[in-house]
Amino acid sequence: MSIAPLAGGVFVLLLAASAVPAQAQPAQQPVPPRAQGAVPQPPPSRGKLLYETHCITCHTSKMHWRDGRIVRDWLGLVEQVRRWQDTDKLQWSDADIVEVARYLNDAIYRLPKPAPA
Ligand code: HEC
């Protein structure tokens, strides 16, 4: 299958948009002044978005630094993420599971993990 027709459509749309006279454009949103010295934040990672969408309905991230937590190492973390997405029937791919495990590890666990593949 080719993406050429789709790309062509996008191109036509772009052309049409640029042909609209300037006055017809909606007023520009005012850009909120950035707080002094604020560092621009990178957009949230896929892992963070997945976790925040599906996982914090019943536990806050406090779950992950409670005493006696289950996760002991990187593979254990991946297994728990796999188990939970399975419980919730989310059908995440291995890549998604690793993304969420990586997010939790970066944010909370800080376990030594195998070098990224
Ligand atoms: C139905 C409620 C519920 C949902 C939804 C849920 N969790 Fe949990 N989670 C728990 C409970 C309760 C525990 C602690 C008891 C246990 O592990 O059985 C837990 C424990 C964990 C742990 C182990 C924490 C530790 O170090 O001891 C991980 C990791 C985890 N969840 C990840 C996830 C992820 C990722 C998702 C989203 C796919 C998710 N959970 C969705 C209820 C939930």
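Predicted model: local features only at pLDDT ≥ 70, side-chain atom pairs only at ≥ 80, totals over all residues.
Colleague: Which secondary structure does the chain contain, and in what pattern?

Modeller: The chain has four helices and zero strands. Along the sequence they give the pattern α-α-α-α. Of the 117 residues in the chain, 14% are buried. Among contacts between residues at least 6 apart in sequence, 71% join residues at least 24 apart.

Colleague: Which residues of α4 are buried, and what do they pack against?

Modeller: The buried residues of α4 are I97, V98, E99, V100, A101, R102, Y103, L104 and N105. They pack against α2 (46–54) and α3 (74–87).

Colleague: Why is I108 called partly exposed?

Modeller: I108 lies in helix α4. It has 16 other C-beta atoms within 10 Å. A buried residue needs 20 or more and an exposed one has 12 or fewer, so I108 falls in between and is partly exposed. The C-alpha atom of I108 is separated by 7.0 Å from that of H64, a residue 44 places away along the chain.

Colleague: What makes the buried residues of α2 lie on one side or on several?

Modeller: In α2, the buried residues are G47, L50 and Y51. They cover an arc of only 95° around the axis, and therefore they are on the same side of α2. An α-helix has 3.6 residues a turn, so residues three or four places apart point the same way. The buried residues of α2 pack against α4.

Colleague: What can be said of the buried side of α3, and which residues are on the face turned away from it?

Modeller: L77, V78, V81 and Q85 are the buried residues of α3. Their arc around the axis is only 100°, which puts them on the same side of α3. The face turned away carries the exposed residues R83, D86 and T87. As for partners, the buried residues of α3 pack against α4.

Colleague: Which residues make up the largest nonpolar core?

Modeller: That core has eleven residues in all: L50, Y51, L77, V78, V81, I97, V98, V100, A101, Y103 and L104. The elements giving two or more residues to this core are α2, α3 and α4. Helix α4 gives the most, with six residues. In soluble globular proteins, nonpolar side chains tend to be buried together.

Colleague: Where is K89, and why is K89 called exposed?

Modeller: K89 is in the loop between α3 and α4. It has 6 other C-beta atoms within 10 Å; the limit for exposed is 12 or fewer, so K89 is exposed. K89 is not a glycine, yet its phi is positive, about 55°. Most residues other than glycine have a negative phi.

Colleague: What of Q91: why does it count as buried or exposed?

Modeller: Q91 is also placed in the loop between α3 and α4. With 8 C-beta neighbours inside 10 Å against the limit of 12, Q91 counts as exposed. Its phi is positive too, about 55°, although Q91 is not a glycine. After α4, R110 likewise has a positive phi, near 55°.

Colleague: How many residues surround the ligand, and which are the closest?

Modeller: The ligand is surrounded by 19 residues, and the closest are C55, C58, R69, Q80 and W84. The elements that give two or more residues to this shell are α2 and α3. The largest share, five residues, comes from α3. By type, the shell divides into eleven nonpolar, six polar and two charged residues.

Technical notes: Residues numbered from 1 in each chain as written. Contact = placed C-beta atoms within 7 Å. Near = placed C-beta within 6 Å. Nonpolar A, V, L, I, M, F, W, Y, C, P; charged D, E, K, R; others polar. Core = buried A, V, L, I, M, F, W, Y, C linked by C-beta atoms within 7 Å. Arc of directions from axis to C-beta.
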